[in-house]
Structure formats: structure tokens, C-alpha cells
Amino acid sequence: MSTALPLVDPAPPASKRGRTTPPRHLADLDLAGRRAAVAALGEPEFRAGQVSHHYFGRLVRDPARMTDLSPASRERIAAELLPTLLTPVKELSCDGGTTRKTLWRLHDGARVESVLMGYRDRVTVCVSSQAGCGMGCPFCATGQAGLTRNLSTAEIVDQVVWFAGQAVDGLGPHVPSRLSHVVFMGMGEPLANYNRVLDAVRRLVAPAPEGLGLSQRHITVSTVGLVPAIERLAGEDLALTLALSLHAPDDDLRDELVPVNQRWKVAEVLQSAWNYAARTGRRVSIEYALIRDVNDQPWRADLLGRLLANKLAHVNLIPLNPTPGSRWDASPKSVEREFLRRVRSAGVPATVRDTRGREIDGACGQLAASENRPQLENRGLTRLGERGKAEQ
Ligand code: SAH
Ligand code: SF4
């Protein structure tokens, strides 16, 4: 694989923006930027605070409900700072309404998905960072479709704000009304859209009305292992939770399952994870999708245990969600149990994800793929909509 991966992909200058660049939205800007933007519209600067309070504080996305603004101001501000970025195409729910999934159409017709999972102690939303993904992991529905484009900062933030509003409206009798956790485990490789993802994270953690006021620790960025970007993330003033999608402890197999491994090998990517843990004090979640007769052998469990022993790591075993047409399947439960036992016996904390949301084609990538290929409708669960230990 060439070294020319889209590691950091800043927004193009206005003159070069193509038709697919999403319109600017207030969530693209920090508070100072919003003040400048409203001033440029001839509005007093305090309007920036008012609109931010509606959007981030009250979770109101519809300008018509911002009734303390005069109709004229509202119209001007809505046109310039509150364009519709996400239009729901399909909404599914299960588990008594505590698992919900939305398929969105973006302004240019691209499709992405997000999933909400409500538990007794938390509400987690899983967001997409790109339409499609260019990393080509052969077991992943998103990877099979290739990359369409990066999402803008506001397209990412708006997925969270939408679901935060649903949580306030009520998800069920035992589910908190405040959205607390965000995982970047939907469509796309977040670290290949670094600047926009980081800006989105800054909006999520900034206190209202600048942002949503979430805890840094409650935000999980899951990566395929783009080493320079992991190093860069470790140098930010943020203590996010890092999830590393390892899926194989040896280069031979990882080269195949995670093609980016041809550029950054297992030893190198693990070293960057340990640097991240040392810099942030955060335990790294090692993601391992168990694939029958591919990566689930006892010797691979032992090797994984040896690589992770005495490190600040937690293993998250994910039962594979077979993608349509794939030759791969999930490992049998007995094999999964033995794998788990061996990793734990090396002293490494490890858990298996509980599945969540089977009835709603539970995960990012697969539904969007099935929209484009109707014969794939109603396939089983994919990875989203599963209880992710990574976000804990
Ligand atoms: N691109 C990032 C984040 C999105 S994928 C990454 O790869 O980490 C989120 C997680 O789902 C990753 O751990 C990914 O390997 C896993 N995943 C993808 N397809 C899957 C499938 N069919 N079954 C189980 N897990 C899958
Ligand atoms: Fe992209 Fe992650 Fe899927 Fe790999 S697993 S293709 S990095 S979304």
C-alpha cells in the first residue's frame, strides 16, 4: 500500500469547493466564529449566543422553534448558519425503543447512518465520520463500498444533537434522558478525516452554549491504526478513549484483514497505542472481530495475550457480523469462550460485546449499502447496535 493515505484532509479553500461540499453550519464554527458570522449578516453579535443556546443547550435544530428571534433575523440566520444537513431517509428501532438507527441523506445525496443505544446508566450514540470508507477491510460492509467523501464537522455534530434531542424526549422508563457517550464507530475512518473529526469532538466537549458539554473520556475514537494520526491525537489536549481495530496479532493475517497494516505493522501500531495510553492515562480498547477459522485459533489468542500483557489495554471481542456475500462467518460460541479465556489468562482484561439491535439491521454500513443494493435488505446485524465495551 502506498504511503499516500488521506491522513489529514483539511477543508479545501472556498475557491476550490466542489458541489459536494456541505453548506456551512453553526456547528462548524466555534463561538468566536459564530459571532463573526452573525456580525457579517448585520446582526448583533449576541445572536450567536442565542442561536447556540437553542442548538447546543436546548437541542433545537429547527429555526422555526427559535421564537425569541424576530422573523427577519431568524430567516437570515437560518439561511446562513442553520442549513438542513441531514434528512432522515429511514428510522428503525427495537429493544422497546432503546435502540434506534437512522439512515440519513446528506445534501448531495450521499448516505450515512447513526445508531443510538440507551442503557440504564448511559445513552450512547454511534456516529459516522465519512460517507463510505477507503480503508478496504474485506469483512466490513462500509469498506466494500469505498469512500464517497468526508463528512463536515457539522454533519458529524448534527448526528449527535439529533439523538441528544431524542434522549430528552424519552427513550424508555429506565434510560437516562441525557446523551452521555459518543463512539466514532459508524461509517468511515475517523482519523482519515482528522481535522473535521477533531473539530467535532471540540464542539461535543465544549460547555454549552458553545458545545454539548460531554466528558472527553466518554468519547471513543475507533481507528484502523493510522499511526501518525494516533501520535497526533496523543498530542492534543484531549483525553479521548482510543479504540484500535487490531483483529489479528500477526502481520501475515492483519495484512489481509486490515490492509493498512501493509503500511503500519502490528508492532508499530501497538507502540503508538501505548504512547497514547502513556500520554493520556487512558486504557486503549483493542477491538478484535472474531472470524470463524480465520483469526480465532488458540495460538492467536495466546499471541494476543503476550502482546498486550502488562499494558494499559482492554480487549473487546466482537462477534463478526457477516456482510452480504462474504465467505466469512462469526466464530462458534465455544471457540469464542476459549479465545476469551486464553486472553484473560495472560492477565489482559477482555469482554465480548453483547449484541444489540438485530431486528433493525443493527449497524452502520450495512443499511446504507442495502439502500444502494435492494437485494441486501433485511440482512442481519452488523457491528453497530451492539453494546460496545469500548466506550466505557
Ligand atoms: N474505521 C474505524 C471505525 C469504524 S468501524 C475502525 O475500523 O476502527 C468500527 C468497528 O467495527 C471496527 O472495530 C471495525 O473493525 C468493526 N467492524 C467492521 N465490520 C465489522 C463486521 N462485519 N463485524 C464486526 N465488526 C466489524
Ligand atoms: Fe473502514 Fe473501519 Fe470498515 Fe475498515 S473496518 S473499512 S477502517 S470502516
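**Ground rules.** I noted that this is a predicted model, in which local features need pLDDT of at least 70 and side-chain atom pairs count only at pLDDT 80 or more, while totals for chains, interfaces and linings use all residues. Residues are numbered from 1 along each chain as its sequence is written, chains are lettered from A and ligands numbered from 1 in the order in which they are written, and side-chain values use heavy atoms, with hydrogens and water left out.

**Confidence.** I read a mean pLDDT of 87 for the chain, with 85% of its residues at 70 or more; pLDDT is the predictor's confidence in each residue, from 0 to 100. Over residues 1–18 the pLDDT stays under 50, and there I noted 32 contacts beyond four places in sequence, contact meaning heavy atoms within 4.5 Å. Residues 372–392 are also below 50, with 86 contacts in the model beyond near neighbours in sequence. Where pLDDT is low, the predicted coordinates should not be read in detail.

**Fold.** I found 12 helices and 12 strands in the chain, taken as DSSP runs numbered from the N terminus (helices H or I, at least four residues; strands E, at least two). Ten strands form an open sheet with mixed pairing, in the order β1-β2-β3-β4-β7-β8-β9-β10-β11-β12, where two strands pair if DSSP finds at least two bridges between them. Its edge strands, each pairing on one side only, are β1 (86–94) and β12 (350–352). Within the sheet, I followed β4 (residues 123–126) to β7 (residues 181–184): the two run parallel and are joined by 3 bridges, and Val125 has Val182 of β7 as its bridge partner.

**Ligand 2.** I listed Cys133, Met135, Gly136, Cys137, Cys140, Gly143, Gly188 and Val224 around ligand 2, a residue being near if one of its heavy atoms lies within 4 Å. The shell has 5 nonpolar, 3 polar and no charged residues, with Ala, Val, Leu, Ile, Met, Phe, Trp, Tyr, Cys and Pro counted as nonpolar, Asp, Glu, Lys and Arg as charged, and the others, Gly among them, as polar.

**Gly235.** I placed Gly235 in the loop between α7 (227–234) and β9 (241–245). Gly235 counts as partly exposed because its relative accessibility is 49%. Its C-alpha atom is separated by 7.6 Å from that of Arg279, 44 residues apart along the chain.

Note on methods
Buried means under 20% relative accessible area, exposed over 50%, partly exposed in between (1.4 Å probe, protein chains only).
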